[in-house]
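Please open the structure in a viewer and keep the selection tool at hand.

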There are 2 protein chains.
Amino acid sequence: MTSPLKTLDVVGIGNAIVDVLVQADDNFLADHALSKGSMALVDEQQADRLYASAGPGLETSGGSAANTLAGIAQLGGRAGFIGRVRNDQLGAIFAHDIRAVGARFETPAAVSGPSTARCLILVTPDAQRTMCTYLGASVGLDPADLDLELVRQAKVLYLEGYLWDSEEAKRAFIAAAEVMRDSGGQVALSLSDAFCVDRHRQSFQELVDGHVDVVFANEAEICSLYQSESFEAAADQVRGRCRVAALTRSELGSVVLSGSESFRIPPYRLGELVDTTGAGDLYAAGFLFGYTRGDDLVRCGQLGSLCAGQVVTQLGPRPQASLPDLVANHLG
Amino acid sequence: MTSPLKTLDVVGIGNAIVDVLVQADDNFLADHALSKGSMALVDEQQADRLYASAGPGLETSGGSAANTLAGIAQLGGRAGFIGRVRNDQLGAIFAHDIRAVGARFETPAAVSGPSTARCLILVTPDAQRTMCTYLGASVGLDPADLDLELVRQAKVLYLEGYLWDSEEAKRAFIAAAEVMRDSGGQVALSLSDAFCVDRHRQSFQELVDGHVDVVFANEAEICSLYQSESFEAAADQVRGRCRVAALTRSELGSVVLSGSESFRIPPYRLGELVDTTGAGDLYAAGFLFGYTRGDDLVRCGQLGSLCAGQVVTQLGPRPQASLPDLVANHLG
């Protein structure tokens with residue numbers, strides 16, 4: 001995984017989103033027919049209606065792949081992000097935040113069309129998050145927005161499954177993946193959400209078989225991908241189809257599969273569970289940070305587990321604590 | 001303090017601001033010549049330059065009086081807020097958040113001119129906050145924006161000293177205070193910031209002597225108002241000049257003065273000190289909630305102390321925990 005020509009560790013493509021974190025109870029989810037723990041797409045009118053009925057919010061940059069790349073940058077990795085905002089106040093916040101942690105972000109902001117994407121994240125007292133996303137300007141990401149030079153510079157291209165909900169973004173990803181292959185890098189994919197896997201199962205199966213080196217999924221997502229009844233059955237299905245599968249299981253930790261090997265990684269409990277938003281994103285951040293430095297898969301999994309363990313002790317998906325300090329304290 | 005004709009407990013006038021909370025160290029403050037713990041006014045260009053050099057942020061509705069009124073509403077008080085945003089994304093966030101806790105907010109958003117006010121709040125590891133405010137649209141609040149009917153409906157009109165930094169807002173306040181007097185209500189004032197008191201000392205002294213029933217100040221502010229060397233000397237100065245003076249002293253708790261009486265209120269330590277943003281605002285919220293219900297001054301002070309004690313255990317000036325639960329658990 002070392003390549004002297006690569007000046008970046010990971011470049012990610014994803015939806016550029018600002019999160020609005022709101023405390024809610026189970027009744028609110030029921031009243032609005034929201035499925036706890038999932039991500040639902042909403043149009044602008046639905047987004048406005050939901051927001052109007054929700055409690056006061058806390059705004060923070062989000063977006064699944066963007067959270068991962070911000071985490072990699074915070075860890076000291078060389079990270080770049082490609083995604084589309086509008087030239088509005090939320091877009092400026094998104095661009096500031098990802099650059100402020102040291103990631104490269106140069107996708108031009110749209111000067112017309114829908115506003116910057118917003119995700120209303122309802123955090124219930126059990127610390128679960130339920131997301132309603134208005135994709136706004138992020139949907140407009142197309143191959144013309146892709147900085148292929150940035151992609152070529154990276155060791156790993158990282159993609160979020162959510163991109164499959166937009167035809168333009170999907171095409172942009174496939175173009176980038178081909179460039180990545182040609183430049184000798186690897187491709188990593190997060191399956192993002194079980195409902196998202198439901199919507200794009202066949203497409204994801206083909207990807208994992210043919211185009212992806214590293215796949216990230218939680219238990220519900222990997223089970224959905226292979227329509228398996230158990231985690232073990234799903235893990236057996238994915239084994240050998242790609243170079244590495246890193247499967248997260250919440251409080252059970254994670255399992256990393258590679259060839260015939262399996263590594264069980266315990267979870268880190270670093271404090272009271274506050275909000276699971278960003279747990280998967282930060283697992284991928286820690287994992288890929290280690291992976292692109294050439295760490296063994298156990299340490300990659302530990303790095304992922306540690307970063308995920310931190311982010312669930314706070315509100316929001318971008319770690320407020322120092323990740324390098326955390327690594328120094330727990331993994332030396 | 002009971003008046004059957006009053007349908008609101010407190011109406012506040014203040015700058016309508018969205019906060020951008022950023023972690024920073026003492027070097028950052030020194031590099032930008034910022035005085036720790038203070039509020040400095042910046043123009044849009046300075047605000048943009050500071051923001052660009054700062055770390056990633058967390059956005060939340062703020063504004064001193066707005067935080068107080070939001071707290072009163074969260075406690076179950078009947079609250080209204082008057083302040084000016086622009087019709088932009090941050091303005092929509094501000095309006096949503098204050099309405100979402102049940103406060104009335106009906107000031108029309110400006111449709112042209114500067115954008116919604118932003119305050120960059122630098123939180124240092126010692127939990128102190130240092131603020132740089134771009135007043136933007138909030139400066140444009142003038143008497144025409146004042147809903148005097150809303151003011152007449154309230155038992156108490158609450159004002160932040162920061163308003164004195166804008167000529168229009170100052171005129172709006174004085175007009176509202178006169179209306180309040182005529183309708184049989186009381187006027188409360190927060191001195192806001194020691195530098196703000198420096199800028200407007202004579203004006204504030206005249207107000208406290210002639211127009212204000214309840215004054216809120218921290219130790220630095222009350223010492224600045226009377227150019228006193230000690231807290232005790234300043235407290236002797238303010239005693240008797242207005243109906244009630246509620247003076248906060250951080251970890252020493254607060255002192256409530258009324259006529260010849262003094263009440264010492266201990267602080268509440270409810271967890272690790274994270275961020276002092278909003279401590280004074282939430283003290284005023286708890287105090288005025290009790291005051292407008294006719295509670296005795298000791299309980300008013302305890303309510304203030306409790307709300308302040310909560311908000312300093314979290315990032316940002318709007319309590320994420322339930323204030324009614326807090327009151328039920330600690331004050332019965």
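The stops below concern a predicted model.

**The whole chain.** Begin by selecting chain A, whose C-alpha atoms occupy a box of roughly 50 × 40 × 40 Å along the principal axes. A compact globule of 332 residues would have a radius of gyration near 20 Å, so the 18 Å of chain A agrees with such a form. Of the 332 residues, 57% are buried. Among contacts between residues at least 6 apart in sequence, 77% join residues at least 24 apart. Colouring by secondary structure brings out 13 helices and 14 strands in chain A.

**The sheet.** Next, select the strands of the open sheet in chain A, which follow the order S6-S5-S1-S9-S10-S11-S12-S13-S14. This sheet has 9 strands, and their pairing is mixed. At its edges are strand S6 (104–105) and strand S14 (261–265) of chain A, each pairing on one side only.

**One strand pair.** Now select residues 8–13 and 79–82 of chain A, which are strands S1 and S5. These two strands run parallel and are joined by 4 bridges. Which residue of S5(A) is the bridge partner of Ile13(A)? The partner is Ile82(A).

Select residues 64–75 of chain A to show helix H3, which lies across S1, S5, S9 (154–160) and S10 (186–190). Helix H3 of chain A runs at about 165 degrees to S1(A). Finally, select residues 279–292 of chain A: this is helix H11, which packs on the sheet and touches S1, S9, S10, S11 (214–218), S12 (244–248) and S13 (254–258). The direction of helix H11 of chain A makes about 165 degrees with that of S9(A).

Key:
Residues are numbered from 1 along each chain as its sequence is written. Chains are lettered from A and ligands numbered from 1 in the order in which they are written. This is a predicted model: local features need pLDDT of at least 70, side-chain atom pairs count only at pLDDT 80 or more; totals for chains, interfaces and linings use all residues. Two strands pair if DSSP finds at least two bridges between them. Two residues are in contact if their C-beta atoms, placed from the backbone, lie within 7 Å. Axes are lines fitted to C-alpha atoms, for helices over the stretch in contact, and angles run from 0 to 180 degrees between N-to-C directions. The radius of gyration is taken over C-alpha atoms; the globule rule is 2.2 Å times the number of residues to the power 0.38. A residue is buried if 20 or more other C-beta atoms lie within 10 Å of its own, exposed if 12 or fewer, and partly exposed in between; C-beta atoms are placed from the backbone.
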